[in-house]
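Dear colleague,

Please find below the structure that I am handing over to you, followed by a summary of what was found in it.

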Amino acid sequence: MTSDPEFPDDFRADLANLFLWRRDVRRFKPMPLPEGALERLLDISSIAPSVGLSQPWRFVMVESAGCRAAVRTCFERCNAEALASFGGERAALYARLKLAGLNEAPCQFAVFADRTTQQGHGLGRLTMPATIEYSAVMAIHTFWLAARAEGIGMGWVSILDPAEMATIMDAPPEWTLIGYFCVGYPCENHSLPELEREGWEVRRASIVIRR
Ligand SMILES: Cc1cc2nc3c(=O)[nH]c(=O)nc-3n(C[C@H](O)[C@H](O)[C@H](O)COP(=O)(O)O)c2cc1C
């Protein structure tokens with residue numbers, strides 16, 4: 001685009017609504033994504049900011065039943081360990097939460113960050129190598145919002161063992177697992193996080209400190 005676009009008030013109001021209604025989704029309708037939707041969302045993700053324009057995100061589409069079953073097994077073990085780490089009422093509440101949509105989501109992928117990428121020639125990451133992982137998160141968030149704008153939901157699953165996931169995905173050792181993602185049409189839409197609705201945590205204003 002060469003001409004300077006305008007973002008009128010109506011657009012900003014819609015954008016604020018998009019931010020408000022983006023949800024971590026764990027309940028998906030069984031219908032697949034329409035033809036071309038995934039490719040479009042991946043294209044949009046590719047314009048996310050990245051350190052030194054390194055674009056270190058690596059999307060690994062998980063399509064085979066075998067791979068998906070292995071991810072489910074990994075999740076179930078990690079989730080059982082997480083449950084055991086809580087006590088009393090927290091444990092009871094945790095046990096009631098739905099923390100993944102691995103059985104239902106029609107589209108699933110892992111995202112890794114490639115710390116060894118030469119793209120970007122190392123700019124910006126010499127003293128802060130974690131900027132490679134931060135950059136991958138930018139692509140994920142871009143995907144998340146763009147998907148929501150199309151009525152498509154996404155859920156982030158981190159209750160996983162990164163080493164086991166790298167083996168399942170056959171990922172090179174220099175890639176860091178950022179997360180596993182379930183994508184599809186949500187069964188329901190909410191302006192409040194599920195964890196807030198279930199009484200696990202409440203959303204607060206950002207913490208700001210002035211020096
Ligand atoms: C880095 C990261 C990891 C997350 N891992 C999980 C997860 O393993 N399981 C889960 O149910 N939600 C996970 N979430 C989703 C959060 O619980 C969710 O974003 C938060 O409760 C706020 O809800 P919202 O995204 O709907 O606003 C993760 C989110 C982020 C950003």
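Where is the place of Arg96? In this predicted model, Arg96 lies in helix α4, which covers residues 88–96. Is Arg96 buried or exposed? Its relative accessible area is 61%, and because exposed means over 50%, Arg96 counts as exposed. Phe75 is 21 residues from Arg96 in sequence, and their C-alpha atoms are 16 Å apart in space.

Next, the sheet. Four strands form an open sheet with antiparallel pairing, in the order β1-β2-β4-β3. At its edges are β1 (57–61) and β3 (153–157), each of which pairs on one side only. On average, neighbouring strands of this sheet are turned by 30° against each other, direction ignored. Within the sheet, β2 (residues 107–114) and β4 (residues 175–184) pair in the antiparallel sense over 8 bridges; Phe109 has Phe181 in β4 as its bridge partner. Helix α5 (residues 131–149) packs on the sheet and touches β1, β2, β3 and β4. The direction of α5 makes about 5° with that of β4.

Finally, a pair of helices. Helix α3 (residues 65–85) packs with helix α6 (residues 162–169) at an angle of about 175°, their axes being 10 Å apart. Angles over 145 degrees count as roughly antiparallel, so α3 and α6 are roughly antiparallel to each other. On the α3 side the contact is made by Cys67, Ala70, Val71, Cys74 and Arg77, and on the α6 side by Glu164, Met165, Ile168 and Met169. By class, this contact has 7 nonpolar and 2 charged residues, with no polar ones.

With kind regards

Notes. Residues are numbered from 1 along each chain as its sequence is written. This is a predicted model: local features need pLDDT of at least 70, side-chain atom pairs count only at pLDDT 80 or more; totals for chains, interfaces and linings use all residues. Side-chain values use heavy atoms; hydrogens and water are left out. Helices (H or I, at least four residues) and strands (E, at least two) are DSSP runs, numbered from the N terminus. Buried means under 20% relative accessible area, exposed over 50%, partly exposed in between (1.4 Å probe, protein chains only). Axes are lines fitted to C-alpha atoms, for helices over the stretch in contact, and angles run from 0 to 180 degrees between N-to-C directions. Angles under 35 degrees count as roughly parallel, over 145 as roughly antiparallel, 65 to 115 as roughly perpendicular and the rest as oblique. Contact means heavy atoms within 4.5 Å. Ala, Val, Leu, Ile, Met, Phe, Trp, Tyr, Cys and Pro count as nonpolar, Asp, Glu, Lys and Arg as charged, and the others, Gly among them, as polar. Two strands pair if DSSP finds at least two bridges between them.
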